[in-house]
Amino acid sequence: MKCLPKGQTECYNKSMERCTLHAFISKQVKMNWFTIAIISQGETDVEIRTPHYYKEFSCLASNCPDTCCQDWEVVLDDETYQDYQQVSGELGERIRSAVVVSQGDRCFALKGESCPFLTEEKLCEIHRVLGEEYTCAICRSHPRFMEEYGTLREVSLSASCPEVTRLMLRDAALATFPVEWTQEEPVVCDDVDEQLLERLLPCREMAIELLQDRRFPLHRRAAMALAFAHDIQTMLDRDETDRLDEVCAIYKSPELPEAFGEFMEEFSGQDGEREMAGFLAGFCRLDLLKDSWGKRLNNAIEQLHGTAEARRAYGQRCKDFRAYYGQRWYEYEHFLVYFVYRHFLRADFDREVFSRMQSAVLSGLLLRELGMAQWLVQGEFATEDQIDLIHRYSREVEHCADNLDLLAKQCREDERFGLEPILCLLAD
């Protein structure tokens, strides 16, 4: 599996005939229109947004419980490849002989499962001998990811790194994304729809606000965020982007929680066991980085859904695990907010908001299932276990563009991954 520079995702368009939640809630909520003020900071001012823990991140190197120099074929950028042609001596010969072409990209051929320059101390030989400037662009930047939107640059840290996940989950404080400004020449992005971007930014802010509204249990917040994304998608499919602020206003209304609670009543009383088993099977259809991940998925399916007794006990087990996790549900909240921050604005390129929110919520449910399965066997599921689980999930699914695309495709095309089946799982 390759670790590739982030590229534009494939564009899909879908047509939705009705906007069920929008219609339902609009009848009960007085709409409040509002205007988003976009303040210009000058032609060469670039806005840089990061997670609040971004500056605290530091690579653990040999002390890391995992290594990013394993399992992935790292693509060499042209500049680094040219630099390697000038490296002399035995190391230079080994570097050049290790380069192979895979699917049109230059990579280091893995030695077993690892980069051939990973030492027994879990350090990079190229970095140690030649210096950081001789490592390729991906190695220098990982686990940092950048998305350029003209005068806006969004930087994120990937949860595939266990230290990033530790920082993300370390306390219950709401995740924030501070902004700084820098004077530089903006990156020219011909494929950025600036008008749509201005309208999507407050939509993402609204989605995060819904997920962080701790007046309500997390499953209700996730349901509201999913419904919100569904209604945003309907406007995008109708090419009515000028009405995105209307949807935001509805979901921002103080009357929304009561109206949404009435809407969710039709989904209550269902434990969703059959739907959850189908969702887990969907994750099994993704490409595997490690066989151990596939075994973990299959073990959870067998344990939670594999027998008639397990299926009967499923609803009560979910309640018991929810009670066990107690005040630590903020960990799942942080994960959902992380996913929305990282992936929501990619809709500026393909207009796909809903499938990304489906992927976020389903991934959160997957983590709950795997955590519950471990808890049933071991009698506990600590924050350290959650850190390990999220980082392994991210390596297998969220860090892999192909798997994200496959997951989103399932969400778009398979009715079992649709709005109503997921809401059944999120109902009280």
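At what angle do the axes of helix α8 and helix α19 cross, and within what distance do they come? Before I answer, a caution: this is a predicted model, in which local features need pLDDT of at least 70 and side-chain atom pairs count only at pLDDT 80 or more, while totals for chains, interfaces and linings use all residues. Residues are numbered from 1 along each chain as its sequence is written, and side-chain values use heavy atoms, with hydrogens and water left out.

To the helices, then. The axes of α8 (residues 218–237) and α19 (residues 419–426) cross at roughly 165° and come within 9 Å; here helices are DSSP runs of H or I with at least four residues, strands are runs of E with at least two, and both are numbered from the N terminus. The axes themselves are lines fitted to C-alpha atoms over the stretch in contact, with angles running from 0 to 180 degrees between N-to-C directions. The two helices are therefore roughly antiparallel, a word kept for angles over 145 degrees, whereas under 35 is roughly parallel, 65 to 115 roughly perpendicular, and the rest oblique. On the α8 side the contact (heavy atoms within 4.5 Å) is made by His219, Arg220, Ala222, Ala223, Leu226 and His230, and on the α19 side by Leu419, Ile422, Leu423 and Leu426. Those residues divide into seven nonpolar, two polar and one charged, where Ala, Val, Leu, Ile, Met, Phe, Trp, Tyr, Cys and Pro count as nonpolar, Asp, Glu, Lys and Arg as charged, and the others, Gly among them, as polar.

For a second pair, take α12 (residues 291–305) and α13 (residues 308–325), whose axes lie 7 Å apart at an angle of about 95°, which makes α12 roughly perpendicular to α13. Gln303, Leu304 and His305 of α12 meet Ala310, Arg311, Tyr314 and Arg317 of α13 in this contact, which by class has three nonpolar, two polar and two charged residues.

Let me turn to the backbone. Histidine 142 and proline 143 are joined by a cis peptide bond with omega of about 5°, and proline 143 lies in the loop between α5 (137–141) and β6. Lysine 122, although not a glycine, has a positive phi of about 60°, and this lysine 122 is found in the loop between β5 (105–108) and α4 (125–130). For context, most residues other than glycine have a negative phi, and most peptide bonds are trans.

I will close with β6 (144–149), which, like β7 (152–157) and α14 (330–343), supplies at least two residues of the lining of the second largest cavity. A cavity here is a set of points on a 1 Å grid over the protein atoms alone where a 1.4 Å probe fits but cannot get out, and lining residues have an atom within 4 Å of a point.
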